[in-house]
Amino acid sequence: KRNQRLGSAIARKNDWQIKQIAAMNQGDGSASRALMRFLANKTEGVWLTVRKSNLQARRFYEKHGFTEVSPISWSDGNLPGVVYYREGKGSANFAKE
């Protein structure tokens with residue numbers, strides 16, 4: 001692994017990146033339980049990206065301790081998004097340019 005740019009932030013090589021959290025039934029707590037189990041023993045930082053317009057997902061991640069750290073976009077800049085970060089138990093602050 002190597003460092004990876006996420007918007008203007010840089011995830012370090014040992015950090016984790018969540019690609020997707022999906023629940024069969026939104027609102028039943030299963031996504032929260034899965035995320036908390038995943039985060040429980042992470043000592044490095046955890047990153048994720050989400051569409052800027054997905055306010056429900058953004059509230060969910062913020063409720064679980066993630067902080068918005070950078071804008072990002074996809075589709076040649078036509079699809080705006082947000083980068084979120086949560087420190088692990090032993091992680092240092094992330095790099096930002």
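**Close-up views of the predicted protein chain**

**Figure 1. Val50 touches Ala57, Arg58, Tyr61, Trp74, Gly81, Val82 and Tyr84, when residues up to four places away in sequence are not counted.** Contact means heavy atoms within 4.5 Å. The model is predicted: local features need pLDDT of at least 70 and side-chain atom pairs count only at pLDDT 80 or more, whereas totals for chains, interfaces and linings use all residues. Residues are numbered from 1 along each chain as its sequence is written, and side-chain values use heavy atoms, with hydrogens and water left out. Val50 has its place in strand 4; strands (E, at least two residues) and helices (H or I, at least four residues) are DSSP runs numbered from the N terminus. With a relative accessible area of 7%, Val50 is buried. The term buried denotes a relative accessible area under 20%, exposed over 50%, and partly exposed the range in between (1.4 Å probe, protein chains only). Val50 and Val83 are 33 residues apart in sequence, and their C-alpha atoms are 6.7 Å apart in space.

**Figure 2. The protein chain comprises 2 helices and 7 strands.** Read from the N terminus, the order of elements is β-β-β-α-β-α-β-β-β. The C-alpha atoms fill a box of roughly 40 × 35 × 20 Å along the principal axes. The radius of gyration of the protein chain is 13 Å, which agrees with the value near 13 Å for a compact globule of 97 residues; the radius is taken over C-alpha atoms, and the globule rule is 2.2 Å times the number of residues to the power 0.38. Buried residues account for 33% of the 97 residues. Among contacts with a separation of 6 or more, 61% join residues 24 or more positions apart.

**Figure 3. The largest nonpolar core holds 13 residues.** A nonpolar core is a set of buried Ala, Val, Leu, Ile, Met, Phe, Trp, Tyr and Cys residues joined through side-chain atoms within 4.5 Å. The residues with the most contacts inside this core are Ile18, Leu35, Leu48, Val50, Tyr61, Phe66 and Tyr84. Two or more core residues come from each of helix 1 (30–39), strand 4 (46–51), helix 2 (55–63) and strand 6 (79–86). Apart from this core lies another, of 8 residues, among them Leu6, Ala11, Ile72 and Tyr85. In soluble globular proteins, nonpolar side chains tend to be buried together.

**Figure 4. Leu35 is shown in helix 1.** Leu35 is buried, with a relative accessible area of 2%. Residues up to four places away in sequence aside, Leu35 touches Ile18, Ile21, Phe60, His64 and Phe66. Ser8 and Leu35 are 27 residues apart along the chain, and 25 Å separates their C-alpha atoms.

**Figure 5. Tyr84 is shown with its contacts beyond four places in sequence.** These partners are Val46, Trp47, Leu48, Val50, Arg58, Glu62, Phe66, Thr67, Glu68 and Val69.

**Figure 6. Pro71 is an exposed residue of strand 5.** Its relative accessible area is 62%. Not counting residues up to four places away in sequence, Pro71 touches Gly7, Ser8, Gly81 and Val83.

**Figure 7. Ser75 and Asp76 are viewed in the loop between strand 5 and strand 6.** Ser75 is not a glycine, yet its phi is positive at about 55°. Asp76, also a residue other than glycine, has a positive phi near 55°. Most residues other than glycine have a negative phi. Ser75 is partly exposed, with a relative accessible area of 48%, while Asp76 is exposed, with a relative accessible area of 80%.

**Figure 8. Arg59 is an exposed residue of helix 2.** The relative accessible area of Arg59 is 53%. Leu48 lies 11 residues from Arg59 along the chain, and the C-alpha atoms of the two are separated by 13 Å.
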